[in-house]
Amino acid sequence: MRMKKITFLILSYLVFSASVKAQDTCATALTITAGTHTVAAVDGSEIPDPICAANGTGASYGEWYSFTATVDGIANITSDLPANAGGDTRVHVYTGTCGSLTCIAGNDDVDVNASNYLSNTTFAVTMGTTYIIAWDDRWDAGG
């Protein structure tokens, strides 16, 4: 089986005029396709739950996206971009429905020892499956 790699570049600190704001709850998650997506601040009213990344609870806000895979393959979600250098992000990836989410991936820090507190996670995707992606403000509410 040949797998395609799908790359997500999400949560850039640079805000472009054409950027789209993520929604503030799971039920109103912004539908996205592979590409770069920007959020000005992590200030949504629903905190991601369950926690899929390290370092437990402590977030106050979240931002939510929905992605449906168009091919079987490998997806990568990252905020580890030059524009985000020095930032601190945390991401959670789920399947299921709002109120009944199942963790499939998550990441808090790329490399604590190198002081890289951005996020990067890779996971298998199945064509036709919808994945819910949530960022929280556990460490930083900046976009």
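Two strands count as paired if DSSP finds at least two bridges between them. Strands themselves are DSSP runs (E, at least two residues), and they are numbered from the N terminus. The model is a predicted one, in which local features need pLDDT of at least 70 and side-chain atom pairs count only at pLDDT 80 or more, while totals for chains, interfaces and linings use all residues. Residues are numbered from 1 along each chain as its sequence is written, and side-chain values use heavy atoms, with hydrogens and water left out.

Strand β4 (residues 62-68) pairs with β9 in the antiparallel sense, over seven bridges.

How enclosed is strand β9 (residues 130-136) by the rest of the structure? Buried means under 20% relative accessible area, exposed means over 50%, and partly exposed lies in between (1.4 Å probe, protein chains only). Six of the seven residues of β9 are buried, so the strand is largely enclosed.

The next feature is the set of disulfides. A disulfide is a pair of cysteine sulfur atoms within 2.5 Å, and a search of the whole structure finds two. One of them joins Cys 26 and Cys 98, with the sulfur atoms 2.0 Å apart. This pair links distant parts of the chain, 72 residues apart: Cys 26 sits in the loop between β1 (4-12) and β2 (30-32), and Cys 98 in the loop between β6 and β7 (100-107). The link of Cys 26 and Cys 98 is left-handed, with -85° about the S-S bond. Cys 26 is buried at a relative accessible area of 4%, whereas Cys 98 is partly exposed at 38%.

Cys 52 and Cys 103 also form a disulfide, and their sulfur atoms are 2.1 Å apart. Cys 52 belongs to the loop between β3 (36-38) and β4, and Cys 103 to strand β7, so this pair ties together parts that are 51 residues apart in sequence. The torsion about the S-S bond of Cys 52 and Cys 103 is about -85°, which means that this disulfide is left-handed. Cys 52 counts as buried at 17% relative accessibility, while Cys 103 is partly exposed at 31%. With bonded cysteines counted along the chain, the disulfides follow the pattern 1-3, 2-4.

Key
Helices (H or I, at least four residues) and strands (E, at least two) are DSSP runs, numbered from the N terminus.
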